[in-house]
Amino acid sequence: MAKILIVDDSAVSRKKLRRILETADHEIIGEAGDGTVGLKKYQDLSPDLVTMDITMPDVDGITVLKNIIDVNPSAKVVMITALGKGSTILEALNAGAKNYITKPFANDQVISTIAEALE
């Protein structure tokens, strides 16, 4: 079981991720609707893993990812992205993301990707 922070500007996506992850016995220790709040919550909560939407208003997910990696180079961040964002996904992986999940996501895809990132 991991302590997870969900960062996504979509309340629907946050709710769906929470349900999937809690079903897999993970604990959701926080949620953020934008990158600025996400970075602050990361620093305050020290989660085992972060799910991070790439496209958000205010500060995008890749910028927040880079800031998290600056704070903790061993941070485990899994990016969430819409299909067809290949170059953006590559940028995120090069910046330190452990993996990514594409929207719309399936329960088993989320659970297996999170499990791999936590290994």
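Analyst: Helices H1 and H5 are roughly perpendicular to each other, a label for angles of 65 to 115 degrees, while under 35 counts as roughly parallel, over 145 as roughly antiparallel and the rest as oblique. H1 (residues 11-23) meets H5 (residues 107-118) at an angle of about 65°, and their axes are 10 Å apart. Axes are lines fitted to C-alpha atoms, for helices over the stretch in contact, and angles run from 0 to 180 degrees between N-to-C directions. Helices (H or I, at least four residues) and strands (E, at least two) are DSSP runs, numbered from the N terminus.

Contact means heavy atoms within 4.5 Å. On H1 the contact uses Lys 16, Leu 17, Arg 19, Ile 20 and Leu 21, and on H5 Asn 107, Val 110, Ile 111 and Ile 114. These residues divide into 6 nonpolar, 1 polar and 2 charged. Here Ala, Val, Leu, Ile, Met, Phe, Trp, Tyr, Cys and Pro count as nonpolar, Asp, Glu, Lys and Arg as charged, and the others, Gly among them, as polar.

This is a predicted model: local features need pLDDT of at least 70, side-chain atom pairs count only at pLDDT 80 or more, and totals for chains, interfaces and linings use all residues. Residues are numbered from 1 along each chain as its sequence is written, and side-chain values use heavy atoms, with hydrogens and water left out.

H3 (61-71) and H4 (residues 86-95) pack at about 10°, with axes 9 Å apart, and are therefore roughly parallel to each other. Ile 62, Leu 65, Lys 66 and Ile 69 of H3 touch Thr 88, Glu 91, Ala 92 and Ala 95 of H4. That contact holds 5 nonpolar, 1 polar and 2 charged residues.

In H2 (residues 35-45), Gly 35, Gly 38, Leu 39 and Tyr 42 are buried, that is, under 20% relative accessible area, where exposed is over 50% and partly exposed lies in between (1.4 Å probe, protein chains only). Seen down the axis of H2, the buried residues fall within an arc of 95°, so they line one face of the helix. The arc is taken from the directions from the helix axis to the C-beta atoms. The buried residues pack against strands E1 (3-7), E2 (27-32) and E3 (49-53), and against helix H3.

Now the loops. Asp 25, between H1 and E2, has a positive phi of about 70° although it is not a glycine, and is exposed at 54% relative accessibility. A cis peptide bond joins Lys 103 and Pro 104, with omega about -5°. Most residues other than glycine have a negative phi, and most peptide bonds are trans.
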